[in-house]
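Visitor: I would like to go through this model with you. May we start with charge pairs?
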Amino acid sequence: MYDDQVVIIGAGICGLATALALHKKGIKSVVMERSETLRNVTGAAITIPPNGWRALDQLGVANILRHTAVPFQRFLIRFPSFWCSLYR
């Protein structure tokens with residue numbers, strides 16, 4: 001095991017996933033977050049592509065998240081020069 005500690009700045013998805021991955025390898029870490037509370041952001045969504053689900057599987061949290069995930073049927077991406085409707 002390691003004696004050093006890794007400092008992770010930001011308790012977002014990447015910061016927390018990094019902390020979990022380091023923990024699974026026996027590496028100590030501390031996550032620093034500027035916000036004092038969790039914020040409820042209505043209407044926000046997180047898209048997780050297939051490679052993201054594989055990473056979550058490796059971290060051991062994908063099955064938990066699959067029970068709360070809501071697959072989308074259709075989404076719209078706007079680029080500066082045109083609109084593009086993409087269907088799943």
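This is a predicted model: local features need pLDDT of at least 70, side-chain atom pairs count only at pLDDT 80 or more; totals for chains, interfaces and linings use all residues.

Visitor: Which residue forms a salt bridge with D57?
Guide: R66 does, and the closest N and O atoms are 3.2 Å apart. Side chains of opposite charge can pair when their charged atoms come close.

Visitor: Is R66 buried, exposed or partly exposed, and why?
Guide: R66 is partly exposed because its relative accessible area is 39%. The classes are buried for under 20% relative accessible area, exposed for over 50%, and partly exposed in between, with a 1.4 Å probe and protein chains only. D57 is likewise partly exposed, with a relative accessible area of 39%.

Visitor: Let us step back. How many helices and strands are there?
Guide: The protein has three helices and four strands. Helices (DSSP runs of H or I, at least four residues) and strands (runs of E, at least two) are numbered from the N terminus. Along the sequence the pattern reads β-α-β-α-α-β-β.

Visitor: What share of the residues counts as buried?
Guide: Of the 88 residues, 10% count as buried. The protein exposes about 8,000 Å², of which carbon and sulfur atoms supply 58%; the areas come from the Shrake-Rupley method with a 1.4 Å probe, and for residues only the protein chains shown count as cover.

Visitor: On to pockets. What volume does the largest pocket have?
Guide: Its volume is about 1,300 Å³. A pocket here is an open set of points, on a 1 Å grid over the protein atoms alone, with protein on both sides within 12 Å along at least five of seven lines; lining residues have an atom within 4 Å of a point. Grid points are joined across faces, edges and corners, and the volume is the space filled by probe spheres set on the points.

Visitor: Which residues lie nearest the centre of that pocket?
Guide: They are I13, I46, I48, L56 and L65, from a lining of 34 residues. The elements that give two or more residues to this lining are helix 1, helix 2 (50-59) and helix 3 (62-66). Helix 2 provides the largest share, six residues.

Visitor: What is the lining like by class?
Guide: It has 22 nonpolar, seven polar and five charged residues. Ala, Val, Leu, Ile, Met, Phe, Trp, Tyr, Cys and Pro count as nonpolar, Asp, Glu, Lys and Arg as charged, and the others, Gly among them, as polar.

Visitor: Where is A21 found?
Guide: A21 is in helix 1 (residues 13-24), and it counts as partly exposed at 32% relative accessibility. A21 and L56 are 35 residues apart in sequence and 10.0 Å apart in space, C-alpha to C-alpha. Q58, in helix 2, is 37 residues from A21 along the chain, and their C-alpha atoms are separated by 8.8 Å. Q58 counts as exposed because its relative accessibility is 71%.

Visitor: And where does D3 lie?
Guide: D3 lies in the segment before strand 1 (5-9) and is exposed, with a relative accessible area of 77%. D3 and K28 are 25 residues apart in sequence, with 7.8 Å between their C-alpha atoms.

Terms used: Residues are numbered from 1 along each chain as its sequence is written. Side-chain values use heavy atoms; hydrogens and water are left out. On a 1 Å grid over the protein atoms alone, a cavity is a set of points where a 1.4 Å probe fits but cannot get out, and a pocket is an open set with protein on both sides within 12 Å along at least five of seven lines; lining residues have an atom within 4 Å of a point. A salt bridge is a side-chain nitrogen of Lys or Arg within 4 Å of a carboxyl oxygen of Asp or Glu.
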